[in-house]
Amino acid sequence: MLFIFGIYVWAQTNATDVAGAIASDAEAVLSPRGRSSSSMLRSRWKRYISSRDMTALLDFHNRVRSQVFPPAANMEYMVMWDERLAKLAESWASHCFWDHGPPQVMKYMGQNLSISSGRYRSVIELVRSWHDEKQSFSYPNRCNGAVCSHYTQMVWASTSRIGCAINRCSNMNVFGSMWKEAILLVCNYSIKGNWLGETPYKLGKPCSSCPSIYGGSCNKNQCSMPKPRKKLKRF
């Protein structure tokens, strides 16, 4: 059995990246004094994301982002695994709560959750259902199913960093039911997506409306930083 959980938020001034705010609030969240003894005990079950899983998650997200339809004019390449986001995900996953959090940083970052009661197979199996929401999503912002917010967070054009954690939980309350064993995945995103009233990306020819920082460079239908040119050596 697999469940997923995503959120929408109200757009306020703008959806800009506030890494400094995440950093300051993260210090409080990650402080050992802020963690209960029960959460410390549960943390022994934590499955750290391996470098192989990091690559798999980034590749999967970028493949999904490159294949949006209708096409995106400003889709940015998800280039970075963010350790700060990953540590926040680890801290939250250690509590084994089927809810978004921690509250003090949710206004700065996006978050997708997935949970399975079956045996852990692969991290991609836990995120595949997020992509499947594509079948219910109609551009610019219509959802014909129960939820589309996991998919729209995945393909939010300005989201370029991700950090995730997996935890094995025991006796976890999921929608009022007690699960004896559960595998919980928490993925945090920056820049935060799912701003109500905004579209996940701008419609148009791929890479036709990239931010100027990319200098017009395009890779697999996504705005990407140009690769540095190799200097020719004289003989």
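The link of Cys207 and Cys218 is right-handed, with 70° about the S-S bond. Here a disulfide is a pair of cysteine sulfur atoms within 2.5 Å, and the sulfur atoms of Cys207 and Cys218 sit 2.0 Å apart. Cys207 belongs to the loop between strand E10 (195-196) and strand E11 (218-219), while Cys218 is in strand E11, so the pair ties together parts that are 11 residues apart in sequence. The names of these elements come from DSSP: helices are runs of H or I with at least four residues, strands are runs of E with at least two, and both are numbered from the N terminus.

Before going on, a word about the model. It is a predicted one, in which local features need pLDDT of at least 70 and side-chain atom pairs count only at pLDDT 80 or more, whereas totals for chains, interfaces and linings use all residues. Residues are numbered from 1 along each chain as its sequence is written, and side-chain values use heavy atoms, with hydrogens and water left out.

A residue is called buried under 20% relative accessible area, exposed over 50%, and partly exposed in between (1.4 Å probe, protein chains only). Cys207 counts as buried because its relative accessibility is 15%, but Cys218, with a relative accessible area of 40%, is partly exposed.

The disulfide count comes to five. Counting bonded cysteines along the chain, the disulfides of the protein chain follow the pattern 1-5, 2-3, 4-6, 7-9, 8-10. One of them joins Cys96 to Cys169, with an S to S distance of 2.2 Å. The torsion about that S-S bond of Cys96 and Cys169 is about -90°, so the disulfide is left-handed. Cys96 lies in the loop between H4 and H5 and Cys169 in strand E8, so this pair ties together parts that are 73 residues apart in sequence. Both ends, Cys96 and Cys169, are buried.

Another disulfide runs from Cys164 to Cys187, S to S 2.1 Å. For Cys164 and Cys187 the S-S torsion is about 110°, so the disulfide is right-handed. With Cys164 in strand E8 and Cys187 in strand E9, the pair ties together parts that are 23 residues apart in sequence. Cys164 and Cys187 are both buried.

That brings up the strands themselves. Strands count as paired if DSSP finds at least two bridges between them. Strand E8 (residues 161-174) pairs with E9 in the antiparallel sense over 13 bridges. Within this pairing, Arg168 has Ile183 of E9 as its bridge partner, and Asn173 stands opposite Met178 in E9. The hairpin of E8 and E9 has two residues between the strands, and there Phe175 takes a positive phi near 50°.

Each of these strands has another neighbour as well. Strand E5 (residues 110-116) runs antiparallel to E9, joined by seven bridges, and Leu113 has Val186 in E9 as its bridge partner. On the E8 side, strand E4 (residues 80-81) is joined to E8 by two bridges and runs parallel; here Trp81 stands opposite Ile162 in E8. As for burial, 10 of the 14 residues of E8 are buried, so E8 is largely enclosed by the rest of the structure. Strand E9 (residues 177-190) is mostly covered too, with 10 of its 14 residues buried. In a regular strand, side chains alternate between the two faces of the sheet.

Next up is helix H3 (residues 51-66), which has 16 residues and reaches 22 Å from its first C-alpha to its last, close to the 22 Å expected at 1.5 Å a residue. That expected span is 1.5 Å times one less than the number of residues in the helix. Among the buried residues of H3 are Asp53, Leu57, Phe60, His61 and Arg65. What covers the buried residues of H3 includes E4, helix H6 (123-132), helix H7 (149-154), E8, E9 and strand E12 (222-223), where contact means heavy atoms within 4.5 Å.

Finally, there is a proline to point out. Pro102 is found in the loop between helix H4 (83-93) and helix H5 (103-106). Pro102 is buried, because its relative accessible area is 5%. From Pro102 to Leu88 the separation is 14 residues in sequence and 8.3 Å in space, C-alpha to C-alpha.
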